[in-house]
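Reader: I have a model open and want to go through a few contacts. Can we start with the terms?

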Amino acid sequence: MPFFDAVAQVARQQHGLITTHQLAAAGLSDRQVRTLVANGVLVRRCRSVYALAGTPPTWDHDLHCAVLASGPDAAVSHRSAATIWRLHRYRNTSVDITTVRWRRRTATDWKVHESLSLPSRDVTVHRGMPITTPTRTLIDVARYLPPRRLGSMVDDAVVRELTSYEDLHLRFVELARRGRDGIATMREVLEDRPCGTVAPDSAFEMDVFNDLRSLGPDPVLHHRVRTTEVEYVLDIAWPEFEVAVECDGFRFHRTPEQLEWDDQRRNRLTLQGWIVLHETWSRRRSDPRLLLDEAGDALRSRGADLRRRR
């Protein structure tokens with residue numbers, strides 16, 4: 001079959017899938033397509049989409065099939081996009097697609113979201129599929145998440161330089177409208193993260209910071225303290241009360257030189273009047289509330305009024 005190489009080349013770039021339009025562009029008639037299906041060369045996957053026989057049925061395969069069936073303006077979005085971008089360990093095997101046009105069907109194996117605005121700047125290509133950008137994905141997926149979880153995903157995306165707080169604020173203002181699902185949740189998250197907010201250094205630091213915010217007084221990230229000899233940067237601090245928390249991730253504190261520097265740093269900060277608490281990944285896993293109790297006691301000893309948030 002002289003046309004098969006062209007068909008296979010297109011399908012290989014689309015997780016083994018090809019549309020009826022692409023088959024016609026490769027020179028196949030409807031009759032030839034039916035023959036390929038009858039001979040087991042092609043398998044009909046969904047409306048106007050076929051798969052090469054033997055293509056493994058992966059989740060990416062299902063996503064790409066949904067995108068191809070939904071038309072040229074469609075893109076992977078919402079929960080599916082958040083999973084692909086790996087936003088703070090988010091995992092969901094739903095198949096979410098957004099398109100600006102959709103011919104409604106009585107039943108599909110995926111969720112189709114219609115949008116009045118899906119410009120090209122909101123869509124990119126990742127893993128061979130059109131997908132909403134991390135900025136657009138975070139705004140869209142807000143409808144499915146509580147504020148705390150969404151906030152962690154926003155911070156993770158900023159730490160990994162997938163987006164910025166500034167970009168999120170700008171796009172949110174453009175997309176926000178009364179009645180749009182998730183807008184209230186994203187607004188709450190962004191109110192806590194104004195433009196210019198310092199991003200955490202790691203997902204571990206981000207998790208600790210978000211937990212400590214529940215104590216009441218707002219901590220700050222990367223507070224600078226000047227001693228007589230050197231300036232230190234504290235991971236998380238309440239400057240007014242001179243209380244700080246250091247997130248001792250193994251990646252950044254594993255060498256003997258770093259451990260010695262940490263000890264020297266701790267001593268100098270103590271002499272300056274600071275209470276410096278330390279949190280490790282293993283300790284957090286065994287008892288995540290231990291640090292909250294310790295930080296609360298330290299803040300109370302400095303006169304802080306603790307009114308825990310939900």
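Author: A polar contact here is a pair of N or O atoms within 3.5 Å; within protein, one must be able to donate a hydrogen and the other to accept it, and residues adjacent in sequence count only if both atoms are side-chain atoms. This is a predicted model, so local features need pLDDT of at least 70 and side-chain atom pairs pLDDT 80 or more, while totals for chains, interfaces and linings use all residues. Residues are numbered from 1 along each chain as its sequence is written, and side-chain values use heavy atoms, leaving out hydrogens and water.

Reader: Which side chain does the side chain of Ser152 make a polar contact with?

Author: That of Asn210, at 3.3 Å.

Reader: Is Ser152 buried or exposed?

Author: Buried, because its relative accessible area is 7% (buried is under 20%, exposed over 50%, partly exposed in between; 1.4 Å probe, protein chains only).

Reader: What does Ser152 touch, leaving out residues up to four places away in sequence?

Author: His88, Arg193, Met206, Asp207 and Asn210, with contact meaning heavy atoms within 4.5 Å.

Reader: And where is Ser152 placed?

Author: In helix H7, where helices are DSSP runs of H or I with at least four residues, and strands are runs of E with at least two, numbered from the N terminus.

Reader: Switching to strands. In what order do the three strands of the open sheet come?

Author: S1-S3-S2, with antiparallel pairing; two strands pair if DSSP finds at least two bridges between them.

Reader: How many bridges join S2 to S3?

Author: Four. Val43, for instance, has Ala51 in S3 as its bridge partner.
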